[in-house]
Amino acid sequence: MGIASITDSIARVIDDTQSGAKELFEPVVRIGVTGLSRAGKTVFITSLIANLLDRSRMPGLKANPLISAAFLQPQPDDTIPRFAYEQHLQALNAPTPHWPESTSSISQLRLSLRTQPTGLLRGLKRAKTLHIDIVDYPGEWLLDLPLLKQSYAEWSAKTLAQAHTEARAGLSEDWLAQLADCDLGAALDEPHAQSLAEAFTAYLQAARQAGFSNCAPGRFLLPGDLKGSPALTFCPLPRPDKVRSKTLYGAFERRYEAYKKQIVKPFFRDHFARIDRQIVLVDALGAIHNGPESVEDLRLALGEILTSFRPGKNHILSMITGRKVEKILFAATKADHIHHSQHPQLTGFLEALLADAKDTANWKGASTQALSLAALRATVEQTTKHEGEMLDLVRGTLMVGGKDVALHPGDLPADPARLLTPAKEGAKLWPEDIDYNLPAFAPPKPGDEAPKGLAHIRMDRAAEFLIGDKL
Ligand code: GDP
């Protein structure tokens with residue numbers, strides 16, 4: 001070890017001890033916010049911060065009366081981009097509000113809450129500060145965990161089989177046609193490699209757009225700053241009889257291994273492993289709207305995602321992270337699309353969707369909860385008489401066309417099996433009596449008063465679960 005690195009490590013030990021000592025008085029809790037693309041992460045974090053800074057809409061956060069101050073701080077990690085809170089809030093509070101730009105990479109923000117004991121303890125105990133580091137990252141990146149256990153040949157075989165299924169055939173056509181013309185034994189030709197990787201990425205994007213969730217490798221959809229790098233210039237290939245290193249197959253096999261080693265593992269080791277509490281956002285309503293194939297795909301993707309939270313079950317992950325998250329909240333997002341009378345059914349559906357992955361023995365040590373929420377309430381509720389019966393409606397402004405409408409999006413069945421069984425059995429459409437339509441709503445127009453937090457559904461319950469005990 002050179003002198004420079006010795007002094008560097010001494011400096012780091014001192015630094016760590018100091019920050020350790022500081023944490024005794026000013027504890028830090030790291031909350032991971034994840035979910036597949038469009039699940040609602042960006043809107044969730046923006047709303048959580050806005051509603052913690054101004055807590056007038058947070059009655060369900062029990063320690064609310066004790067909080068004397070809330071403020072944003074410079075985040076402790078200089079290498080992670082800051083979550084663009086102000087920009088996102090501005091989009092939602094603009095005179096013509098619009099939804100903010102979605103999560104495409106990892107970002108972070110630190111919010112600190114100062115609590116002041118009340119009543120008899122007021123004079124005896126001093127004020128306490130809790131730092132909350134909120135880490136936003138794409139759920140797609142968790143879908144990469146299974147790759148660590150798979151060789152290139154195994155992953156290729158699995159991904160090719162999936163691309164050939166009837167449900168995805170129309171989406172993978174171009175890429176598979178390119179593969180069919182490919183001489184796997186030929187020497188690597190970079191433009192050809194790029195063209196194959198682009199066709200594969202286009203297929204994954206089309207699958208995602210069509211509502212499929214299982215679209216690994218995660219960085220192909222959300223590359224962050226790795227766009228165009230050689231680590232992302234590969235795709236699955238059928239295994240030739242003989243593998244030679246200078247061929248296309250040999251090169252793609254090496255790049256796949258580099259992707260695992262240089263991208264997937266560091267993410268789990270440097271970021272994921274440091275998370276104390278986690279919220280997993282699920283656009284269950286969106287999947288139901290897209291149909292049974294989408295629901296089944298979401299169920300499988302969630303199963304994969306959740307293996308990341310069970311390191312005991314996963315040898316590779318135990319080796320990388322060596323610890324478990326303490327609490328996991330599963331939330332069905334965008335619940336403002338349906339009347340509150342339907343929320344129990346939505347939560348029940350989410351619980352059933354998670355049931356496979358959430359088998360109790362494996363969750364020892366982490367407490368979990370499921371709920372339905374809306375980070376930003378874009379609708380109001382109303383009830384009307386229709387053909388002699390009372391009908392629950394939601395009213396909002398449509399994203400497409402900007403029309404103000406009041407509608408009944410359909411009734412979620414009380415028994416989630418009515419949705420999950422046809423999905424598991426490979427149905428293309430829902431049974432006839434299940435009719436469900438979910439239009440996208442624009443964010444609500446601002447009122448005349450200065451905004452106080454953001455209108456939401458159960459964000460206070462989510463905050464109580466995630467940080468309530470720490471306050
Ligand atoms: P991300 O990809 O997980 O970061 O997803 P976003 O937070 O960007 O959300 C994706 C889209 O879902 C938004 O642009 C909105 O159209 C919609 N959305 C997210 N949260 C809500 C919500 O609470 N209510 C409604 N009505 N729509 C939402």
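Trainee: Which residue is the bridge partner of Leu113 in β4?
Mentor: Leu113 is bridged to Leu130 in β4. Strands here are DSSP runs of E with at least two residues, helices are runs of H or I with at least four residues, and both are numbered from the N terminus.

Trainee: Before we go on, what sort of model is this?
Mentor: A predicted one: local features need pLDDT of at least 70, side-chain atom pairs count only at pLDDT 80 or more, and totals for chains, interfaces and linings use all residues. Residues are numbered from 1 along each chain as its sequence is written, and side-chain values use heavy atoms, with hydrogens and water left out.

Trainee: And what does the chain average in pLDDT?
Mentor: The average is 87, and 89% of the residues score at least 70. pLDDT is the predictor's confidence in each residue, from 0 to 100.

Trainee: Where is confidence lowest, and where is it highest?
Mentor: Lowest in helix α1 (residues 3–25), with a mean of 44, and highest in helix α2 (residues 41–53), at 98. Over residues 1–21 the pLDDT is below 50, and that stretch has two contacts in the model beyond near neighbours in sequence. Contact means heavy atoms within 4.5 Å.

Trainee: Back to β4, then. Which strands pair with it, and in which sense?
Mentor: Strand β1 (residues 28–35) pairs with β4 in the parallel sense over six bridges, while strand β3 (residues 107–115) pairs with β4 in the antiparallel sense over nine bridges. Two strands count as paired if DSSP finds at least two bridges between them.

Trainee: Is β4 mostly covered or exposed?
Mentor: Mostly covered: eight of the nine residues in strand β4 (residues 128–136) are buried. Buried means under 20% relative accessible area, exposed means over 50%, and partly exposed is in between, using a 1.4 Å probe and protein chains only. In the whole chain, buried residues make up 51% of the 471 residues.

Trainee: What's the strand order in the sheet?
Mentor: The open sheet has seven strands in the order β2-β3-β4-β1-β5-β6-β7, with mixed pairing. β2 (67–73) and β7 (367–372) are at the edges with a single partner strand each, so one side of each has no neighbour in the sheet. The twist averages 20° from one strand to the next.

Trainee: Which strands does α14 touch?
Mentor: α14 packs on the sheet and touches β1, β3, β4, β5 (277–282), β6 and β7, and its direction makes about 170° with that of β7. Axes are lines fitted to C-alpha atoms, for helices over the stretch in contact, and angles run from 0 to 180 degrees between N-to-C directions.

Trainee: Switching to helices: at what angle do α4 and α5 pack?
Mentor: Helix α4 (residues 152–163) and helix α5 (residues 166–180) pack at about 125°, with their axes 9 Å apart. That makes α4 and α5 oblique to each other; under 35 degrees counts as roughly parallel, over 145 as roughly antiparallel, 65 to 115 as roughly perpendicular and the rest as oblique.

Trainee: Which residues make that contact?
Mentor: From α4, Leu160, Gln162 and Ala163; from α5, Arg168, Ala169, Ser172, Trp175, Leu176 and Leu179.

Trainee: New topic: which peptide bond is cis?
Mentor: The one from Ala216 to Pro217, with omega near 0°. Pro217 sits in the loop between α6 (190–209) and α7 (218–221).

Trainee: What about phi of Lys334 and Arg458?
Mentor: Lys334 has a positive phi near 60°, and Arg458 has a positive phi of about 60°, although it is not a glycine. Most residues other than glycine have a negative phi, and most peptide bonds are trans. Lys334 is in the loop between β6 (327–332) and α12 (343–355) and is partly exposed at 27% relative accessible area. Arg458, in the loop between α13 (417–424) and α14 (459–467), is partly exposed at 24%.

Trainee: Last one: is Ser294 buried or exposed?
Mentor: Buried, with a relative accessible area of 4%. Ser294 lies in helix α10 (residues 292–307) and touches Gly211, Phe212 and Ala287, not counting residues up to four places away in sequence.
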